[in-house]
Amino acid sequence: MTGFPTAPDTHALEHGDVLAPKFDASGLIAAIATHADTGEVLMFAWMNAEALAKTLETGEAHYFSRSRNELWHKGATSGQVQKLAEIRIDCDQDAVWMKVRPQGDGGACHTGARSCFYRVIENGRLVERS
């Protein structure tokens with residue numbers, strides 16, 4: 001199921017019960033993953049229609065890797081599978097928010113950090129924080 005419908009009008013898009021994601025010109029939609037139990041922001045990534053459909057079908061996060069130009073099942077090689085607890089879509093259906101439970105070592109970032117947002121900007125410089 002990668003052929004998502006298009007909302008017929010703004011009211012249906014914003015208040016209807018049909019999932020009609022608005023993918024950008026590259027066929028992508030923004031995706032934010034937070035930890036279902038702690039609320040911590042884990043990562044931001046992109047999904048195409050196939051990734052969104054696979055996520056809904058399997059209950060595990062799938063993304064689209066722009067650098068590799070391919071579907072990416074989060075954790076398939078690292079063990080950091082993200083089990084879906086809840087998925088929401090924003091008001092105009094151009095971004096998704098997933099509450100997930102990370103598996104494996106509990107991390108989400110390819111650098112080994114728990115969250116991709118492990119640096120704070122202080123006085124114009126980046127400082128690592130957990």
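## Basis of the model

Because the structure is predicted, local features need pLDDT of at least 70 and side-chain atom pairs count only at pLDDT 80 or more, while totals for chains, interfaces and linings use all residues. Residues are numbered from 1 along each chain as its sequence is written, and side-chain values use heavy atoms, with hydrogens and water left out.

## Salt bridges

Side chains of opposite charge can pair when their charged atoms come close. With a salt bridge taken as a side-chain nitrogen of Lys or Arg within 4 Å of a carboxyl oxygen of Asp or Glu, the count comes to seven. One of them joins Lys 83 to Glu 60, with 2.8 Å from N to O. This pair links distant parts of the chain, 23 residues apart, since Lys 83 lies in strand β5 (residues 82–89) and Glu 60 in the loop between α2 (49–58) and β3 (62–65); helices (H or I, at least four residues) and strands (E, at least two) are DSSP runs, numbered from the N terminus. Glu 60 is buried, at 16% relative accessibility, whereas Lys 83 is partly exposed, at 37%; buried means under 20% relative accessible area, exposed over 50%, and partly exposed in between (1.4 Å probe, protein chains only).

In another salt bridge, the closest N and O atoms of Arg 68 and Glu 70 are 3.1 Å apart, and here Arg 68 is partly exposed at 45%, as Glu 70 is at 38%. Arg 129 and Glu 122 also form a salt bridge, with 2.9 Å between the closest N and O atoms.

## The largest pocket

A pocket is found on a 1 Å grid over the protein atoms alone, as an open set of points where a 1.4 Å probe fits, with protein on both sides within 12 Å along at least five of seven lines, and its lining residues have an atom within 4 Å of a point. The largest pocket has a volume of about 500 Å³, where grid points are joined across faces, edges and corners and the volume is the space filled by probe spheres set on the points. The lining has 21 residues, of which Met 43, Arg 68, Trp 72, Lys 74 and His 110 are the closest to the centre of the pocket.

Strands β2 (41–47), β3 and β4 (70–73) each supply at least two residues of this lining, and β2 gives the most, with four.
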